[in-house]
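Here are a few notes to read alongside the model, written for someone meeting it for the first time. Keep the structure open and follow the points in order.

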Amino acid sequence: MTRKILLIASVLSTIVVIASCQPAASPAGGNTAAGLKTIWLDQLDVSKALSGTGPTKANKSFDGNSITLAGEKYEHGLGTHSPSQFILALDGNAKRFYAVVGVDEEVRILQQQRQQQQGFRRRGGTVEFKVVGDGKVLWHSSVMRVRSDPNIADVNIVGVKQLRLIVSEVENNYNDHADWAMAKIEYAGKKPYAVEPVVVKPYILTPKPGPKPRITGPAIFGVRPGNPFLFTVTATGSRPMSFAAKGLPDGLSIDSATGQITGSVKNKGNYTVVLIAKNDRGIAQRNFRIVVGGTIALTPPMGWNSWNCWACAVDDLKVSESAKAMVDTGLINHGWSYINIDDCWMRMEQQRGDPDPNIGPPARDPNGNLILNAKFIDMKALVDYIHSLGLKAGIYIGPGPTTCQGYVASWQHELQDAKQFAEWGFDYLKYDWCGYSSIVKEEPNLEEMKRPYILMRKALDQVPRDIVYSICQYGMGDVWKWGEEVGGNCWRTTGDITDTWPSMARGFQQAPLAPYAKPGHWNDPDMMVLGKVGWGPDLRDSGLTADEQYTHMSLWCLLCSPLLLGCPLDKLDEFTLSLLTNDEVLEVNQDALGQQASRIVQEDGREIWAKQMEDGSTAVGLFNTDDYSKQRITLNFADIGFEGKCLVRDLWRQKNLGAFTGKFTAEIPVHGVVLIKVTKF
Ligand code: GLA
């Protein structure tokens, strides 16, 4: 809709609202002048509406206040939160859908409160409304924020059998309190009714690993000469299991009970080692390359990060519980290894009314060293514990005076902080731009964008430890073009992810970035939103459907993205665990060639992505990106450089599908995927 029409619509809105508020003008359930009946949507079963963060309310805003848009209160309507969907069955005889839509005014109050308490406003409260009839978008709003003028949806629905009212997030889904005010339907035949949405129930594809040993994890590992080496050989199979490694370079040894290889190697070089795992059911062997040189993170880091689940509610118990759970759930046996603490472990220079006790000032001791806030007691002990489990530890800070959440960051303390992280024993640093915006002008040039990252790179190069350097600045200045040059091992290519399809579908925008990913240097479209998420003390199930979760995992593997879980590992359900423990899927991510998938087909809700693997095969994802219908998708082998007969293996099911000539076709559910491996016959 053009801006002009919207403006007219918004002027009209006041008039229409006043008219609709008169009971006699459009009596719900009564006959209109044309013999039509009218029903308010709040008279339907609103409990059937699906909403990402809580129930949709009748005649109330999402937080239970009067529905209020741009200063106007409305007596009828639905208060919801993105992403949300309300499905209505019609008999084809309804005529008109009408509503006044916008972001409820209570969001402004919420944002003001946060500004007062924490010194910054939370972004968000940005949504789009859609009216969809039988799979076709009949109307959509502008992108709406809390101060936007309301839009009017006045939609002809003649002949429509199924009407969907959709609210989608735009930036993220913080504060997306969205109102369908005065929402009503005019109809002639059967009364419209609300329909239970089709929820894709979690279904498990990953077969359980067998009792025989099977070595998992990457087949290649990089380390710098002289730095501490920690790599845990991982394998599935029944326990007890013993481990060995033939041909380890001087300076390294393996603990046969835990599989942990430790020590350090003085000289640069490439070493091929044979890893062995043995139990009472058999023995497994696999070649493993140790590359002692200048590059680490030769495969994308796999692990956990505290942000998407706990955000600032993180504390050392939650971190150590996650580390323990990585072992207890068996995730470690599939190669998951990092336990990363995100923001909110430090103190603040200025107290900002944050409810956390003991957060400052001061934020540093008299010698300029960082001080932990009250939620963390002893960082060295926590990291030692993580290492004792055979896992690695990660930490977060930023180049500015403060982090995104207002805690102290490394501005003018870069080397001191890098040394501190090394002393504590960290193996991974996420370096987040946020507070650095106060140091540079609003539109920094490339030079200014690179500067803080180069500074910390130099600092990290001075500490005797391999620390994976994760650059986080949301993709500014096409960071993928220079992330490697400033010494990054991975770089965020996008803003923050949330657990909705539009947010996760950012993965499909990564195609042009493929040439920049390589061993040691990875594009990072952000952490995962599988399992439970919440960004705070309260957790909920990911808003992604089961099929969307398969797509998330498959796409991140094809993209060679770092795999950082954002769910509490001690609260994993069977379905989520199955998503994270499919070794054939994980092999796609960890493949030693490190080649990011390219998109080879993109048409009408169908996408095919192909990733060349080191063994000569190609991993292929056939994705249905259509919002409403399943799709038959055909891969022509010629498009991946193969001719004639090829073997196709379904990676999620770990099952050979057979030999196919010229092409392979699969039927894919809405937002779902089939992930296959194609090998020349
Ligand atoms: C930014 C980052 C997130 C997270 C938060 C912490 O928003 O993009 O991943 O680290 O900061 O405050």
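How far is an oxygen atom of the ligand from an N or O atom in the side chain of D342? The distance is 2.6 Å.

Before going on, please note that this is a predicted model, in which local features need pLDDT of at least 70, side-chain atom pairs count only at pLDDT 80 or more, and totals for chains, interfaces and linings use all residues. Residues are numbered from 1 along each chain as its sequence is written, and side-chain values use heavy atoms, with hydrogens and water left out.

1. **Ligand oxygens and side chains.** D343 has a side-chain N or O atom 2.7 Å from an oxygen atom of the ligand. For the side chain of Q405, the corresponding distance is 3.0 Å. The protein covers 98% of the 310 Å² of accessible area that the ligand has on its own; such areas come from the Shrake-Rupley method with a 1.4 Å probe, and for residues only the protein chains shown count as cover.

2. **The loop between β25 and α5.** Look next at the loop between β25 (338–340) and α5 (379–388), where P361 has its place. Helices (H or I, at least four residues) and strands (E, at least two) are DSSP runs, numbered from the N terminus. The peptide bond from G360 to P361 is cis, with omega near -5°. The bond from P361 to P362 is cis as well, with omega near 0°, and P362 is found in the loop between β25 and α5. C344 also belongs to the loop between β25 and α5, and its phi is near 85°, a positive value in a residue other than glycine. Is C344 buried or exposed? C344 counts as buried because its relative accessibility is 0%; buried means under 20% relative accessible area, exposed over 50%, and partly exposed in between (1.4 Å probe, protein chains only).

3. **The sheet of eight strands.** An open sheet runs in the order β30-β29-β28-β27-β26-β25-β24-β33, with parallel pairing. β30 (522–524) and β33 (563–565) stand at the edges with a single partner strand each, so one side of each is left without a neighbour in the sheet. The twist averages 25° from one strand to the next; for such angles, axes are lines fitted to C-alpha atoms, for helices over the stretch in contact, and angles run from 0 to 180 degrees between N-to-C directions. Strand β29 (residues 490–492) pairs with β30 in the parallel sense over three bridges, and two strands count as paired if DSSP finds at least two bridges between them. W491 has N523 in β30 as its bridge partner.

4. **The sheet of three strands.** Another open sheet has the order β17-β21-β20, with antiparallel pairing. Its edge strands are β17 (229–232) and β20 (252–254), each pairing on one side only. Three bridges join β20 to strand β21 (residues 260–263).

5. **Strand β37 and its partner.** On strand β37 (residues 631–636), Q631, I633 and L635 form a covered face, whereas R632, T634 and N636 form an uncovered one. β37 and strand β40 (residues 663–668) run antiparallel and are joined by six bridges. The bridge partner of Q631 in β40 is I668. Further along, H671 lies in the loop between β40 and β41 (673–680). Phi of H671 is near 60°, a positive value in a residue other than glycine, and at 7% relative accessibility H671 counts as buried.

6. H76 sits in the loop between β5 (72–74) and β6 (77–81). With a relative accessible area of 15%, H76 is buried.

Terms used. A polar contact is a pair of N or O atoms within 3.5 Å; within protein, one must be able to donate a hydrogen and the other to accept it, and residues adjacent in sequence count only if both atoms are side-chain atoms.
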